[in-house]
Amino acid sequence: MLNDKLKNHRIILASGSPRRQEFFKDLGLDFDVILKPVKEEYPPRLTHFEISNYLAQLKALPFKAKLKDNDILITSDTIVWHNNVALGKPRDVDEAFNIIKSLSNETHEVITSVCFTTKTYEKTLHAITKVTFKELSDDEITYYINTYKPFDKAGAYGIQEWIGQIGVTKLEGSYFNVMGLPTHLVYKTLYDIVDAS
């Protein structure tokens with residue numbers, strides 16, 4: 001459906017995330033995956049969705065000079081926001097354990113920003129989902145980290161994995177956003193871009 005409208009456009013997904021790539025397939029979209037390395041650093045003054053917005057836009061920068069007229073570039077970034085701190089991807093087992101321990105018996109926010117860039121246009125949107133965990137035991141946390149090795153995930157967990165199934169007690173907002181992409185926003189925005197062009 002949307003793919004028919006996009007037949008004169010080329011969708012470029014600048015993400016190595018298998019989950020995001022799977023979402024695009026599930027949405028029925030034809031797309032190319034192109035990766036360009038970016039140092040994911042942001043000014044310390046930024047907070048909350050400003051951080052993920054900034055990083056999503058930063059990931060678009062290396063592409064801008066070479067975008068063609070019919071290209072639509074999509075870049076995104078996900079952070080976990082808890083106690084006024086952005087939790088990114090853990091560097092090692094200890095950091096993963098400490099991050100998950102801090103989320104235990106608490107509510108945190110998962111924020112995903114998506115930046116849409118064309119030759120003449122840029123728009124950045126974000127979605128926020130509130131996630132509440134039960135009290136997780138040290139054994140549960142250790143089992144999860146050793147089994148699933150969540151070092152590529154913001155907040156050191158994947159909601160679609162074992163820890164989400166046994167640990168999440170409440171969710172406010174988009175489930176898919178927690179997995180890394182607010183699919184409803186992506187679908188609507190692509191529709192709007194095509195309609196406007």
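This is a predicted model: local features need pLDDT of at least 70, side-chain atom pairs count only at pLDDT 80 or more; totals for chains, interfaces and linings use all residues.
## Salt bridges

A salt bridge is a side-chain nitrogen of Lys or Arg within 4 Å of a carboxyl oxygen of Asp or Glu. D32 belongs to strand 2 and R10 to strand 1, so their pairing ties together parts that are 22 residues apart in sequence. D32 is partly exposed at 32% relative accessible area, and R10 is partly exposed too, at 31%.

A search of the whole structure turns up 15 salt bridges. One of them joins D195 and K5, whose closest N and O atoms are 2.9 Å apart. Since D195 sits in helix 8 and K5 in helix 1, this pair ties together parts that are 190 residues apart in sequence. Another links E41 and K39 at 3.9 Å, N to O, and here K39 is exposed, with a relative accessible area of 65%. Through shared partners, salt bridges also join R19, D152, K153 and E161 into one network.

## The largest pocket

Now let us turn to open space. The largest pocket holds about 720 Å³ and is lined by 35 residues, with R20, E40, K59, D77 and K89 nearest its centre. By type, the lining has 17 nonpolar, nine polar and nine charged residues. Which strand gives the most to this lining? Strand 3 does, with five residues.

## A look at N53

N53 has its place in helix 3. Is N53 buried or exposed? With 12% relative accessibility, N53 is buried. Beyond its close sequence neighbours, up to four places away, N53 touches S113, T124, L125 and H126.

Conventions. Residues are numbered from 1 along each chain as its sequence is written. Side-chain values use heavy atoms; hydrogens and water are left out. On a 1 Å grid over the protein atoms alone, a cavity is a set of points where a 1.4 Å probe fits but cannot get out, and a pocket is an open set with protein on both sides within 12 Å along at least five of seven lines; lining residues have an atom within 4 Å of a point. Grid points are joined across faces, edges and corners, and a volume is the space filled by probe spheres set on the points. Helices (H or I, at least four residues) and strands (E, at least two) are DSSP runs, numbered from the N terminus. Ala, Val, Leu, Ile, Met, Phe, Trp, Tyr, Cys and Pro count as nonpolar, Asp, Glu, Lys and Arg as charged, and the others, Gly among them, as polar. Buried means under 20% relative accessible area, exposed over 50%, partly exposed in between (1.4 Å probe, protein chains only). Contact means heavy atoms within 4.5 Å.
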